Amino acid sequence: MSAAELGWSRDQMAARAAEDIPDGSYVNLGIGIPELVAQFVPAGREFIYHTENGLLGMGPPPAKEDEDPELINAGKQLVSSVPGAAFFHHADSFAMIRGGHIDICVLGTMQVAANGDLANWSTGAPDAIPAVGGAMDLVAGVRTIFVITKCLTRNGDPKLVERCSYPLTGQGVVSRIFTDLAVIDITGDGFRLVELAPGVTFEYLAERVDAPLLRP
Amino acid sequence: MIDKTHTSLAGAVSAIPDGAVVMIGGFGEAGSPIELIHALIDHGAKNLTAINNNTGNGDVGLAALIRNGQVRKMICSYPRSSHSRVFPELYRKGEIELELVPQGTLAERIRAGGAGIPAFYTATAVGTPLAEGKEAREFNGRTYLCERGLSADFALVKCAVADRLGNLIFNKTARNFSPLMCMAATTTIVQARRIVAPGDLDPEHIITPGIFVQNVVEVPEPLQESVLIANGEVYP
């Protein structure tokens with residue numbers, strides 16, 4: 001196996017995260033790899049998906065004949081609603097988030113720090129158009145924040161760091177990180193390994209985390 | 001007799017003056033009142049402060065209003081998307097002001113504005129660049145930021161069905177910010193796919209009670225932003 005193939009695929013990362021979501025959870029999925037979690041719900045469990053633009057009970061992309069441009073998710077993709085779904089306005093939707101009613105939010109990230117700080121909305125570049133959406137509300141309000149991310153950026157820079165250099169989305173908000181190489185918890189003492197992907201060693205992982213890494 | 005219906009879009013927006021604060025419903029294209037926005041472009045009011053979650057797409061609707069130089073300042077949570085070109089260009093040239101607000105804070109500020117609440121505290125954005133300049137206060141051991149209620153002179157909103165009293169129901173995720181904006185604006189102008197007689201809407205199902213609405217115009221077959229963009233349409 002070459003280094004490029006070592007570890008979990010995007011689907012496997014999503015499936016591994018889904019394993020850690022309890023039956024009956026109200027779940028908000030971020031854009032990108034987190035969206036894949038919905039395809040890997042473990043047998044016997046029911047999750048209800050919240051999308052912050054006003055739908056609880058979001059279903060998969062609709063059949064062509066059922067598409068409605070007024071039925072979309074927070075990423076502005078066409079979606080469906082499941083039987084038992086509810087629509088509501090934005091203040092109710094964010095009351096679900098800010099009031100602590102959503103159990104788990106799964107997000108992608110640019111950086112996550114050993115103290116649980118998350119940076120996933122802006123690189124802070126001077127010419128960037130700042131755009132935050134609902135990310136800061138989600139991390140401040142949802143009880144458990146999971147992150148799914150590869151350990152390294154396309155340029156090979158570690159995304160798991162001692163302190164975020166990008167502007168923060170929230171402070172000390174992340175509980176668990178599902179990466180391509182391992183599942184890692186944020187603890188009071190920093191990053192702690194939970195589980196290695198097949199073929200990955202602790203040393204291989206530790207070289208790709210830019211902060212101290214504790215053994216399980 | 002109370003009758004809030006108008007027959008013309010132009011008539012409905014004619015009272016919007018230069019410098020007005022205008023809330024515009026919609027999340028992306030879902031719920032975007034394109035016909036009302038185009039009427040506002042025709043009307044020509046300038047120096048507007050526009051409040052919407054985004055900044056429009058393509059060269060129609062909100063993006064066209066911005067490109068037409070009518071918006072001095074945008075208050076929004078997410079000013080970029082795959083088809084938004086107009087706002088980023090003007091912003092980089094320093095020709096439009098941006099107040100970036102987290103989406104839930106934006107919704108709650110509008111709700112508060114409509115409910116007569118001048119300010120509230122939220123944990124959102126604590127420890128981030130968006131906390132700068134805001135009062136922080138601790139409650140029960142956690143830090144919160146003080147955020148101000150947001151109100152407007154006008155709101156432009158799209159709904160599914162209305163009656164002459166201004167009672168409204170919406171379609172699916174096209175509801176989004178619209179019921180809040182109806183509350184927060186002095187004058188709310190609604191475009192409805194259908195206007196029915198009072199009593200035809202079940203009182204148990206009404207989402208926005210008519211007290212929050214001043215004007216209703218029937219637009220039976222509203223344009224869809226994604227279709228206009230796919231066709232390369234430019235307004236005006």
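Analyst: Axes are lines fitted to C-alpha atoms, for helices over the stretch in contact, and angles run from 0 to 180 degrees between N-to-C directions. Helices (H or I, at least four residues) and strands (E, at least two) are DSSP runs, numbered from the N terminus. This is a predicted model: local features need pLDDT of at least 70, side-chain atom pairs count only at pLDDT 80 or more, and totals for chains, interfaces and linings use all residues. Residues are numbered from 1 along each chain as its sequence is written, chains are lettered from A and ligands numbered from 1 in the order in which they are written, and side-chain values use heavy atoms, without hydrogens and water.

User: How do the axes of α2(A) and α5(B) lie to each other: parallel, antiparallel, perpendicular or oblique?

Analyst: Helix α2 (residues 90–98) of chain A and helix α5 (residues 103–114) of chain B have axes that come within 9 Å. They cross at roughly 125°. Angles under 35 degrees count as roughly parallel, over 145 as roughly antiparallel, 65 to 115 as roughly perpendicular and the rest as oblique. α2(A) and α5(B) are therefore oblique.

User: Which residues of α2(A) make the contact with α5(B)?

Analyst: Contact means heavy atoms within 4.5 Å. From α5(B) come B:Q103, B:G104, B:T105, B:A107, B:E108 and B:R111. Their partners on α2(A) are A:H90, A:A91, A:F94 and A:R98.

User: Which strand gives the largest share of the lining of the second largest pocket?

Analyst: β5 (97–100) and β8 (142–148) of chain B each supply at least two lining residues. The largest share, three residues, comes from β8(B).
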